[in-house]
Structures are given as structure tokens and as C-alpha cells.
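Please open the model in your viewer and keep the sequence panel beside it. The stops below each name a selection and then say what is to be found there.

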Amino acid sequence: MLRRFSALVARDIKLVVRNHHLTIVVAVAVLYALLVRFLIPAELAFEPNLVIWDRTATRAIATWYRETEPGRAKVVDSEAAYEEALREANRIGVKVTGDRLPEELELTFQGFEGMRSRRLLEAIFSFQVTAMLRGVPPGFPATVLRPGEGGEQPALNLSLVPVLVLFEAAMLGMLLSAVLLFGEKDEQTLRAYRVSPGGIAEYLLARSLTMSILALISAAVLTLLTVGPAANWPVILAVVFLGSMTLTLAAMVLASLFRNVGQFYLPYFLITLVLMLPMVVYFQPGMRLPLIDLLPTYPLVYALREAYFPTGSPGVMTGAVLQLLATLAVVLPLAILTFRRQLVVKDV
Amino acid sequence: MKSRRVWSMIKRDFASSLRDTITLWILVFPPLLALLARLLVPAVGGATVTLVATPDLGEALIGRLAEYAAVEVVAGREALNRRVLRLDPAVGVAREDGAYRLILEGNEGDQTESVAAIILADAVGPRAIAIRSRDLGRTGSPVAGFVAVMFAMMSLVLAVSLISLNIVEDKETGSITSLAAAPLTRWEYLAGKGLLGLAITLLMVFAALYLMGAGPFDPVKVLVVTLGGFVSAALVGFYVGAISDNQIAAIAGLKVGNLLFMMVPLITLVLPDRLEFILYPAPTYWTFLAYRGALVDAAGWPQLLRWSGINLALSLILVALSARFLGRRLSLRG
């Protein structure tokens with residue numbers, strides 16, 4: 001059985017290498033690494049999105065913004081300049097009125113801002129004015145459930161690494177495995193395989209293993225060239241391996257429902273978009289999307305972040321590995337069942 | 001080049017796509033994209049922080065907190081701790097001995113705790129200053145605009161993929177050599193593939209934009225930008241089709257082709273202005289600028305025509321440089 005399995009893996013690897021996929025995977029990983037190291041900045045340069053017109057005698061708010069957040073606020077001195085600055089779509093106006101000290105703020109929104117963003121901005125201004133007037137900002141005691149945690153936030157370019165590893169390494173086998181399947185359907189290889197002693201599970205696991213080997217190579221190249229050799233390799237490789245196995249099997253289930261790549265491509269594209277949603281949440285931590293934590297890519301991206309930039313929460317990685325194993329435990333039997341139904345029973 | 005023969009080529013490919021239910025997917029795809037956008041845009045625009053509360057905070061306070069942030073109400077303190085310890089950064093709000101307290105995991109980002117404290121302070125206490133709001137009444141959210149731009153770029157990527165897979169399928173099934181017997185030149189063959197790809201792109205771009213509620217935008221501007229951007233997209237599709245003898249190889253080619261298409265816009269978003277010149281030779285950079293101008297920044301015609309013109313010029317230079325290679329690799333006579 002082991003020999004059959006090795007032969008299947010070796011055959012898939014040959015196919016992948018012969019069609020230049022290995023070369024392209026390594027080249028793309030190097031390209032991503034170059035982008036991360038040399039092109040993407042460590043910090044985003046923000047355009048000023050607050051326009052402040054402070055009409056008080058002390059100009060306390062304008063001065064505070066000018067001194068503490070010069071890049072975020074544009075301070076103006078006249079109504080004409082204020083209205084002109086607000087023509088830009090991303091800007092929010094803050095008109096401060098009062099005699100000596102600020103007594104009233106008028107916030108000017110563009111119109112498309114959400115209610116929560118508006119209320120939060122009001123709260124931030126109230127907080128800052130309170131701090132300015134009373135000297136001490138309002139605060140609350142905090143209980144930290146896992147004290148001593150909290151690593152430094154990574155620079156913007158490096159914070160992309162977990163996302164790139166997820167997208168490039170863990171998800172790369174989805175399309176390729178499907179294309180190999182369609183090739184085998186066309187060439188009747190599957191029919192020939194069915195009369196051999198090899199089982200469906202062996203076939204699926206061999207294909208997933210091949211894709212996972214490619215994923216590991218891609219992740220290793222990208223990691224070495226970006227964060228360097230001092231990374232949490234066991235976790236990174238384990239998470240990428242499990243993620244790739246799970247996603248490849250899921251893609252094989254989907255592919256078995258279609259006749260050719262043309263039919264498969266659009267549903268695949270759509271599913272890839274959905275699987276990428278956790279990456280949006282990764283960059284917008286306050287964002288909530290229904291059922292997103294059920295996607296296999298959700299624990300993946302957080303586990304990768306923890307592996308690359310540890311905050312001292314090994315639970316994140318354990319949880320992710322367990323969730324991936326649970327997903328794998330569902331996807332593998334589902335894939336076997338679907339294959340038996342779609343390919344064997346229908347004699348494809 | 002005879003338009004009748006190009007039209008026959010389009011009809012043939014269209015019939016093939018009908019048979020393969022690709023057309024059905026193309027019709028279903030924009031509404032699904034729009035659904036995704038409708039889910040995504042308010043979520044991105046309204047993202048502040050996630051708060052976790054227990055019912056003992058009182059309905060009134062929970063309601064006030066929900067004006068600022070997503071609030072999840074859980075049964076008790078233990079459930080609150082469990083929720084805070086989950087993967088995403090959520091902050092618990094509890095009342096102990098009559099005082100409010102924030103419950104943190106310990107690994108939240110710098111701003112999460114301070115934003116939660118600011119929200120709680122505003123929700124429970126009187127404000128130090130009167131705050132009123134004014135609204136300029138604009139409706140086109142930049143987030144929605146950017147999602148629209150990315151969806152338009154994705155439609156071009158799909159066109160690239162469909163064109164190339166279509167050519168490779170012709171090679172694999174031997175149709176390309178059968179066509180050699182017909183009075184069809186290779187350029188008519190490519191024009192047929194390209195025009196069908198263009199029709200699919202336009203259908204997907206406009207359906208996705210209208211269904212997701214992107215706007216306000218000028219459809220003529222979007223049309224011009226799409227036409228400018230499509231030339232380079234089709235060229236990538238032809239290249240991948242030309243160099244790939246089978247679908248496995250085509251997927252390898254598409255990986256690089258699609259990367260060129262989607263990476264350039266993403267890099268443009270984060271690249272400092274002073275380094276943007278690096279992207280000038282890439283037609284997709286100009287496609288992205290033009291889509292952003294048409295869908296986000298309400299750019300005027302002169303600017304849009306300049307961007308689309310540069311895009312088209314660069315793409316045509318690439319077409320001229322590639323013509324010989326494509327002609328040789330996509331010869332109908334094998």
C-alpha cells in the first residue's frame with residue numbers, strides 16, 4: 001500500500017515539475033519576498049483625513065493635532081479653506097467653537113460614513129477634550145486574562161507575510177489539483193486507476209500530499225526571504241501542511257462536480273474570494289462577518305500570525321490546528337464519498 | 001480580416017460555453033460578487049471594535065455601546081472570558097463592585113484597548129463638550145468604490161483565464177487544427193476569442209457594479225477604461241494560451257498572468273508616491289488608476305483619457321512586440 005501511495009505521489013510530483021509548477025511556485029515566492037522586503041513600506045503614509053478649523057482663542061485642539069498627529073490632520077484658518085478641504089471624499093471636518101477654550105464641536109461628515117464610525121469619532125473627540133481640559137483622560141481598570149502577552153506589532157510589510165503564505169502556499173493546490181483531475185478524466189487515467197488495487201482515499205491523499213509539498217516549499221522560501229531563519233518553523237510548516245491538505249481536498253470535492261476546467265473555474269474563483277475574507281478581517285480587526293470563523297482559512301491566518309509574530313498565545317495555534325484537523329476529518333470522508341458517487345458510479 | 005468569420009468564431013465559442021454551463025456561471029457570478037460586496041462594504045466601513053457584554057450591564061447601556069461597536073451579549077462572566085480568548089480581538093465590558101472594567105486577552109493591538117475605553121467612557125459618562133454633526137450628503141463610499149475597482153479588475157482576470165483556457169481547450173481537443181481547414185486566419189481566430197472575452201468582461205463589470213450599488217459612476221467612463229484595460233488582459237490570455245499545450249501548463253501560466261493583474265493594484269495602494277514610477281511600465285497600473293479615477297475619485301475626462309491612452313499605448317507596444325511570437329505559437333496549421 002505504501003509503495004502504491006509513494007508511486008502516486010511520485011507521479012503527481014513528476015507532472016507538477018514537468019509543467020513548470022515547481023519553478024513558478026519558487027519564482028512567485030521569491031517575487032513576493034522581494035515585494036515585501038523592498039517595495040512595500042514598513043508603515044503606511046496616511047493622507048490627512050481630518051480637517052480642523054479651530055475658532056477658539058487658544059486653538060488648543062488645532063495645536064494638539066498639529067503637534068501630536070501632524071500627518072492625520074489638516075489645520076485650516078478660514079471657512080473657505082475648510083469647505084474647500086472637505087471636497088475630498090475621505091475627509092471629515094471638525095469645527096471648534098468657543099471663547100477661550102473649546103465649547104462646541106461641529107463634525108462634518110461626507111454622508112457615507114457608518115453610524116458606528118461617526119459615534120466613535122464623537123467619542124474620540126469628547127475623550128481628547130476631556131483629557132485636555134482635565135489633564136487626565138477618563139479610563140477604566142482592565143483585567144488581562146493572559147498577562148505578560150502581547151508582542152510588538154509587526155511592520156506593515158512583514159504583517160503581509162502570514163497572508164501571503166496563506167494565499168500563495170496553503171491555497172495554491174486548490175486549482176492545480178483540480179486541473180490534474182480534469183486531465184486524468186480526459187485521458188481516462190482515472191478509469192484505468194479504478195481497476196488497479198489503489199483506493200480512492202489513497203488517490204486523494206497522494207494528490208493532497210503533493211500539493212502540500214509544493215505549499216511547504218513556497219512557505220519555506222517566502223519565510224526565509226522575509227522574516228529569516230529564526231521563525232517558528234514547526235508551527236508554520238504544520239499549519240501550512242494541514243491547511244493545504246484541507247483546501248486541496250475541498251477543491252477536489254468541488255472539481256469532481258464539474259466536467260472540465262472551464263466549468264470549474266468560475267465557482268473556484270468565487271470560493272477563493274470567500275476563503276480570502278478572513279484576510280480582510282485580519283487587517284480590519286473590528287470587522288464582523290457572519291460565520292467567518294467556520295472558514296478553514298480563518299484559524300489559518302491567525303495561527304500563521306501567531307507563528308510569525310508571537311504574542312504568547314500558543315492556544316491560538318493549538319486551536320487552529322485542532323480546527324483544521326476537525327475540518328480535515330469532515331472533508332476527507334466527504335471527498336471519498338463524492339468521488340465514489342461522481343466518478344466511480346458515473347463511470348468517468 | 002472578415003467580420004463574418006470572426007462572428008462565426010464568437011458564435012462557436014459561445015455555443016461551447018453554453019454547453020459547458022460557463023455562460024450560466026457568468027450570469028450568476030456578478031450577483032454573487034455583488035452579494036459579497038454588500039456584505040463586505042458596510043462591514044469594512046463600520047469596523048470599530050468588537051465588545052462583549054453580559055446582560056447585567058443593562059439593556060440601556062448595551063444599546064448605547066451598540067451605537068459605537070459590534071456588541072456580543074453572552075450569558076455570564078465565564079462565557080465572556082471564553083469569548084475574549086477567541087481568535088479575533090474582542091474586548092469584554094464587565095461591571096464589578098459597581099465599577100466598569102475592561103476584560104482583555106493581553107495580545108490585542110495597541111489601539112483596541114484605548115478604543116474600547118473611549119467608547120465606554122462616552123457611553124456611560126457625560127461629554128466634556130457639546131458635539132453636533134453635519135452631513136454633506138455624499139453617497140459614494142470610498143470603500144465601496146475600492147471594492148468596485150477590485151471587482152472590475154477581477155473581471156479582467158477572469159477574462160484572461162477564460163480566453164487562455166479556451167485556446168488550450170482548442171489545442172487539446174484538436175479543434176485548432178480542424179479550424180485550419182476552414183477559411184479562417186489566425187488573427188480572425190484570436191479576434192473571435194478576444195471579442196467574446198470582451199463581451200464577458202463588460203457583462204461582468206457592469207452587472208457587478210450595478211448590483212453591488214457602486215456609484216455614482218459614469219458608465220461611459222467605465223466602458224472606456226474597460227476597453228483600455230482589456231487589451232493587455234487579452235494579450236496575457238493569448239500568451240498563456242500560446243505557451244501552454246495543456247490545462248496544467250495553462251494554470252501555471254495563469255498564476256503568473258493573474259499575479260501581474262492583481263498584484264500591481266494592491267502594490268499601488270501601499271507604495272509610497274515617490275516609488276510609483278516603478279509601476280509605470282505595467283499597463284495594469286494605468287488600468288487601476290483609471291478605474292480608481294472613474295469609480296472612486298470622480299476623475300474628469302482629460303485625466304481618464306490620459307490614463308487609458310497610456311494604458312492602450314503600452315498594451316499596443318506589447319502587442320506589436322508579441323505579434324510574431326503569438327502568430328508562430330498560435331498557427332492554425334500546427
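Where along chain A is the place of A:His20? Select A:His20 to begin: this residue sits in the loop between α1 (2-18) and α2 (21-39) of chain A, where helices (H or I, at least four residues) and strands (E, at least two) are DSSP runs, numbered from the N terminus. The model is a predicted one, in which local features need pLDDT of at least 70 and side-chain atom pairs count only at pLDDT 80 or more, while totals for chains, interfaces and linings use all residues. Residues are numbered from 1 along each chain as its sequence is written, and chains are lettered from A and ligands numbered from 1 in the order in which they are written.

Stay on A:His20, whose phi is near 65°, a positive value in a residue other than glycine. A:His20 counts as partly exposed because it has 18 C-beta neighbours inside 10 Å; a residue is buried if 20 or more other C-beta atoms lie within 10 Å of its own, exposed if 12 or fewer, and partly exposed in between, with C-beta atoms placed from the backbone.

Next, colour the whole of chain A by secondary structure, which comes to 15 helices and five strands. Along the principal axes, the C-alpha atoms of chain A fill a box of roughly 90 × 40 × 35 Å, and 43% of the 348 residues count as buried.

Move to chain B, which has twelve helices and five strands. The C-alpha trace of chain B spans about 90 × 45 × 35 Å along its principal axes, and buried residues make up 48% of its 334 residues.

Within chain B, select residues 186-212, helix α8, whose 27 residues reach 38 Å from the first C-alpha to the last, close to the 39 Å expected at 1.5 Å a residue; the expected span is 1.5 Å times one less than the number of residues. After α8(B) comes B:Gly213, with a positive phi near 75°.

Then select β1 (residues 50-53) and β2 (residues 70-73) of chain B, which pair in the parallel sense over four bridges, pairing being called if DSSP finds at least two bridges between two strands. In this pair B:Leu51 stands opposite B:Val71. The chain crosses from β1(B) to β2(B) through helix α3 (residues 59-66) of chain B in a right-handed β-α-β crossover, a term that applies if, with the strands pointing away from the viewer, the path from the first strand over the helix to the second runs clockwise.

Turn now to B:Asp97, in the loop between β3 (90-96) and β4 of chain B. Phi of B:Asp97 is near 50°, a positive value in a residue other than glycine, and B:Asp97 counts as exposed because it has 5 C-beta neighbours inside 10 Å.

Finally, show both chains together. The contact takes 81 residues from chain B and 87 residues from chain A, two residues being in contact if their C-beta atoms, placed from the backbone, lie within 7 Å. On the side of chain B that touches chain A, α2(B) gives the most, with twelve residues. To end, select strand β5 (residues 142-144) of chain A, which pairs with β4(B) in the parallel sense over three bridges, and find A:Val144, which stands opposite B:Leu104 in β4(B).
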